[in-house]
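Try each task yourself before you read the solution.

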Amino acid sequence: MAQVLACPWARSLGVVWCSTERKARDAAEVLAGPLGLPNMELDNLGENDRSATGYLPKEEFEAVADLFFAHPEESIRGWERAADAQRRIVAAVQEVLTASAGYAGDVAIVAHGGVGTLLLCHFRGDVIGRQHDQPPNNGGNYFAFDAATRRLHHGWQAIDA
């Protein structure tokens with residue numbers, strides 16, 4: 001996340017939003033703190049509810065996540081359905097953009113991989129699918145869209161590129 005501060009677009013930010021989950025809050029603070037920006041939290045920006053299974057070993061998690069994205073209208077092992085999570089996330093982003101209208105500058109939303117994938121599918125107008133998941137690399141990824149038109153500027157890009 002510290003590498004984001006070197007990105008040219010970081011200086012155009014006016015506010016940072018994140019989910020209330022620890023990883024997102026910590027990452028958002030790494031971005032907001034040095035830039036002196038407000039860091040706002042919104043619960044509905046959180047990852048899909050996976051509390052039915054709790055922690056799963058990586059291999060098992062990946063297999064369940066594959067099913068989550070492949071069957072968005074079904075609850076896989078008690079997880080929140082992907083279609084429901086996508087609706088929640090899209091509504092949360094609308095709430096963020098509305099609440100950010102009074103800030104000068106762009107809005108950064110720091111969230112989770114699944115959140116980004118579901119949101120990216122929505123902006124692309126594509127069905128939910130794991131093929132739109134962020135690429136595996138050494139760091140986080142981001143994409144950008146126009147807040148007014150909700151049109152995608154670009155898909156996933158590596159933060160550490």
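Contact here means heavy atoms within 4.5 Å. This is a predicted model, where local features need pLDDT of at least 70, side-chain atom pairs count only at pLDDT 80 or more, and totals for chains, interfaces and linings use all residues. Residues are numbered from 1 along each chain as its sequence is written, and side-chain values use heavy atoms, with hydrogens and water left out.

**Exercise 1.** Work out which pattern the chain follows along the sequence.

Solution. Start by counting: there are four helices and five strands. Helices (H or I, at least four residues) and strands (E, at least two) are DSSP runs, numbered from the N terminus. Now read along the sequence, and you get β-α-β-α-α-β-α-β-β.

**Exercise 2.** Check how the radius of gyration of the chain compares with that of a compact globule.

Solution. Take the rule to begin with: 2.2 Å times the number of residues to the power 0.38, with the radius taken over C-alpha atoms. For 161 residues that gives a value near 15 Å, and the chain has 15 Å, so the two agree. As for the box, the C-alpha atoms fill roughly 40 × 30 × 25 Å along the principal axes.

**Exercise 3.** Find the residues that touch the most other members of the largest nonpolar core.

Solution. A nonpolar core is a set of buried Ala, Val, Leu, Ile, Met, Phe, Trp, Tyr and Cys residues joined through side-chain atoms within 4.5 Å. Buried means under 20% relative accessible area, exposed over 50%, and partly exposed in between (1.4 Å probe, protein chains only). The largest core has 25 residues, and L45 and L118 touch the most other members. Two or more residues each come from β1 (13-18), α2 (58-70), α3 (82-99), α4 (113-124) and β4 (141-145). The top giver is α3, with seven residues.

Next, look around L118: leaving out residues up to four places away in sequence, L118 touches F68, F69, A82, A85, Q86, I89 and I128. There is also a second, separate core of 16 residues, including V16 and A108.

**Exercise 4.** Decide where the buried residues of α2 lie around the helix axis.

Solution. Pick them out: V64, A65, F68 and F69 are buried. Seen down the axis of α2, they fall within an arc of 135 degrees (using directions from the axis to the C-beta atoms), so they line one face of the helix. On the other side of α2, E59 and A70 are exposed. Finally, ask what covers the buried residues of α2: the cover includes α3 and α4.
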